[in-house]
Number of protein chains: 2
Amino acid sequence: MMKRSTVKELLGSGETNREVLLKGWVRTRRGNNQVAFIAVNDGTVIHSIQVVAVMESFPEEVMKRVTTGSSIAVRGLLVESPGKGQQVEIQAGEIEVLGDADPAVYPLQKKGHSFEFLREIAHLRFRTNTFGAVFRIRHALSFAIHQYFHDRGFFYLHTPIITASDAEGAGAMFRVTTLDLDHIPRKEDGSVDFSQDFFGRPTNLTVSGQLEGELGALALSSIYTFGPTFRAENSNTPRHVAEFWMIEPEMAFYDIHDNMDLAEDFLKYLIRDIMENCGDDLEFLNRMVDKTLLERLEFVLKHPFERTTYTEAVRILRKAGRTFEYPVEWGLDLQAEHERYLVEQHFERPVILTDYPGGIKAFYMKQNDDGKTVRAMDVLFPMIGEIIGGSQREEKLDRLQNRMREMNISADELWWYLETRKFGTVEHSGFGLGFERLLMFITGMSNIRDVIPFPRTPRSAEF
Amino acid sequence: MMKRSTVKELLGSGETNREVLLKGWVRTRRGNNQVAFIAVNDGTVIHSIQVVAVMESFPEEVMKRVTTGSSIAVRGLLVESPGKGQQVEIQAGEIEVLGDADPAVYPLQKKGHSFEFLREIAHLRFRTNTFGAVFRIRHALSFAIHQYFHDRGFFYLHTPIITASDAEGAGAMFRVTTLDLDHIPRKEDGSVDFSQDFFGRPTNLTVSGQLEGELGALALSSIYTFGPTFRAENSNTPRHVAEFWMIEPEMAFYDIHDNMDLAEDFLKYLIRDIMENCGDDLEFLNRMVDKTLLERLEFVLKHPFERTTYTEAVRILRKAGRTFEYPVEWGLDLQAEHERYLVEQHFERPVILTDYPGGIKAFYMKQNDDGKTVRAMDVLFPMIGEIIGGSQREEKLDRLQNRMREMNISADELWWYLETRKFGTVEHSGFGLGFERLLMFITGMSNIRDVIPFPRTPRSAEF
């Protein structure tokens, strides 16, 4: 039996005038009574390959089933194409229809469906040019992330998804339970008896693997997580989903400067990798989705990231001579409009801000000696603002304990976290990168629902 | 400032007689009043590097803090070691104690803690030889999986963790909810009003990404998932955890034979990769944890996997001339004892069984024309039995619909799954591999709780 060749293999092959076997889905068909030109795609690359079928060589009942969306197997001769726009094509010898797609009901008949419509048929949208490109890039970006860390001696750590801790306070959490909601067991005082739940206590879906990641780094030196995280926030915006993937490297013996060096190198590596390995898909997205895409990627690559403090950023913003929607004041968090001003207008390059007020940052960040700021670092990008948030971590037990007390974070619950500061504590740092946010930046897609295969949003968990 | 060198870099470096900066954790310390021999480990490799410190060169108050578990920075000369068991060592010039580890309370003082005890301090067990080895191998195996698929044109697909479907029926599920368990909203008939839940309907944690994986494969040709999956089964055994990672490749245009070829090649690739890249860690585990480990890995590599049918396996087992705990009868599922007999006693090689009775397999498997069996395939390994379960999928709409009716699976709920059989359906196949199960096989660890960083089991969700 002849081995099937993928479209990628056929288009990349210089070797023509040989018999090949192609299997794939019909994207379009044109032609006339004499000859049919059938564009076949199998998802391996954005391009389809053209199959040329002389009508009289095939039974009519076969050819009439070769419609958009149908799946076919074609055996034929791979030849140089006389037509424009393709190097090679297949002169069909045999055509078999594997599966029909009734033109009366197949939803991807015509081109130019809206992204909103395609979201409702997310099971089929992989078959479009745009979403094929997006999800091939999603794969390539995932792989580049693993490659980057692997090459640098980082260990991939699978931190837990179900957690009994809610200490990070990064957002609202989903409850995970096996209690029968029709018959919730209750204690004498009427409260829920979680001792009867699966884990014997209340549990939630994780909002971050960082605290557990630190445990790994404080033994293996450098680790990273890359897994799903969750927010139960009722936010229906183009930037929010309830389930998304995060990358969180954590490194022992790294101070905030090492951390910034890593973040900048990492982001540039990933963008360069996608530009090198997904050129066809990127070019398509640049043409059809966002004409400034390639330019914006180049913008990130060509500049050293500006590094300055939050305090300096506030000074710049206050004398910017323009009105922002949100107030700028030392002690308040920066909004995307402020971050974008710094990147796009003021510095004209990506920016890393450090040393934020402790009051707007998490309990685990290293406290500066000024008693006011912490060793946070946020990496700011054009168009989206914050792309990475990180910090050097507080490695001193007493300072960490004081901070937790101030912020009402239970030391009992985090006994294991505190023990890493009791036993051989060391300077360490890390950061978090929202995978989908980076993917939006790299693909030009403006709705996060369009860069994750099956988005989870308020009132929507289809597929 | 001098750049820190990792233990891996130092031990792998031929270049001696140069000043280096080492940071890590003290594993052991021996010596006398004149000289201290300090074994320092930073988790980058299983070996520690020996630091030799002439006592009179350092303040007493520093040296007395250099105890097991403390973290230190050492600046000194990397020299060839005159001692046995190591190529190089460091003659300490400066020693700084970064973090103490009070010998009176540090739990990893003595060697030879039980795995049970170490599970209770999972935040610290990364600092032991065994768990350092296990989690370095866990990383290497993850990376090898990504590398394998990437090199073969598969796309990594992130299937959803939160799902509204419970159709796969692979096991009990965890409920995911934002309803207030103290005040469950109810409909007029008294049932829970899930329209007020986050997703507007009941949702659970996924037991498999396969059905969504098929959607990807039926557009992109070949995909794989690698993510967390969940079982809410109250099983307290060395083989069960509630949260574990699965790999599920899914390939369009693959029949069951292609599927078997892939599974065998994949498993051999992974084992070969770990033997090549994690030799030191494997050797340690072979010496300390399971003396038959390397032999068993070789056993898998050196044999072509035997391929036969379930029906033939039942025939072999029935005339085996030995008693099994569980009955052997056509139509019943095979147990690990049966699977191990086939692999270890009868064929003396890994085995792939195909064509199981439809009654013991999932609804989506391709039905054979005999009306009794389905195109399932299970890969059986020594010691553990089933390591991979897979099948060719039913691509014919009517047969799939009939089967779903017979098994009471809602076609309404799975409308999107059925549509892939309506529109350009093609032959396709896939399988599932439990990541931790393979990791147990490769590390020789006999309890699944010891190959995942922070295991989730009934009544236990610590860390």
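## Close-up views of a predicted two-chain model

**View 1. Surroundings of A:Ser13 in the predicted model.** Leaving aside neighbours within four places in sequence, A:Ser13 is in contact with A:Arg18 and A:Leu78. The model shown here and in the views that follow is a predicted one. A:Ser13 lies in the loop of chain A that runs between helix 1 (7–11) and strand 2 (18–31). Is A:Ser13 buried or exposed? A:Ser13 has a relative accessibility of 15% and therefore counts as buried, since the limit for a buried residue is under 20% relative accessible area.

**View 2. A:Thr308 and its contacts in chain A.** A:Thr308 has its place in strand 13 of chain A, which covers residues 306–309. With a relative accessible area of 16%, A:Thr308 is buried. When neighbours within four places in sequence are left aside, A:Thr308 is in contact with A:Phe347, A:Ile352, A:Leu353 and A:Thr354. A:Thr308 and A:Val351 are 43 residues apart in sequence, and their C-alpha atoms are 7.6 Å apart in space.

**View 3. Packing of helix 11 and helix 12 in chain B.** Helix 11 of chain B (residues 397–406) packs with helix 12 of chain B (residues 415–422) at an angle of about 150 degrees, and the two axes are 9 Å apart. The two helices of chain B are therefore roughly antiparallel to each other, as angles over 145 degrees are counted in that way. On the side of helix 11 of chain B, the contact is made by B:Leu397, B:Leu400, B:Gln401 and B:Met404, while helix 12 of chain B contributes B:Tyr417, B:Leu418, B:Arg421 and B:Lys422. Sorted by class, this contact between helix 11 and helix 12 of chain B has 5 nonpolar, 1 polar and 2 charged residues.

**View 4. B:Ile442 in the largest nonpolar core.** The largest nonpolar core has 221 residues, and those that touch the most other members are A:Phe381, A:Ile442, B:Phe381 and B:Ile442. Not counting residues up to four places away in sequence, B:Ile442 touches B:Ile137, B:Leu141, B:Ile271, B:Ile274, B:Leu282, B:Leu293 and B:Leu297.

How values were computed. Residues numbered from 1 in each chain as written. Chains lettered and ligands numbered in written order. Predicted model: local features only at pLDDT ≥ 70, side-chain atom pairs only at ≥ 80, totals over all residues. Heavy atoms only, no water. Core = buried A, V, L, I, M, F, W, Y, C linked by side-chain atoms within 4.5 Å. Buried < 20%, exposed > 50% of the residue type's maximum accessible area, 1.4 Å probe, protein only. Contact = heavy atoms within 4.5 Å. Axes fitted to C-alpha atoms, helices over the stretch in contact; angles between N-to-C directions. Helix = DSSP H or I, 4+ residues; strand = E, 2+ residues; numbered from the N terminus. Parallel < 35°, antiparallel > 145°, perpendicular 65-115°, else oblique. Nonpolar A, V, L, I, M, F, W, Y, C, P; charged D, E, K, R; others polar.
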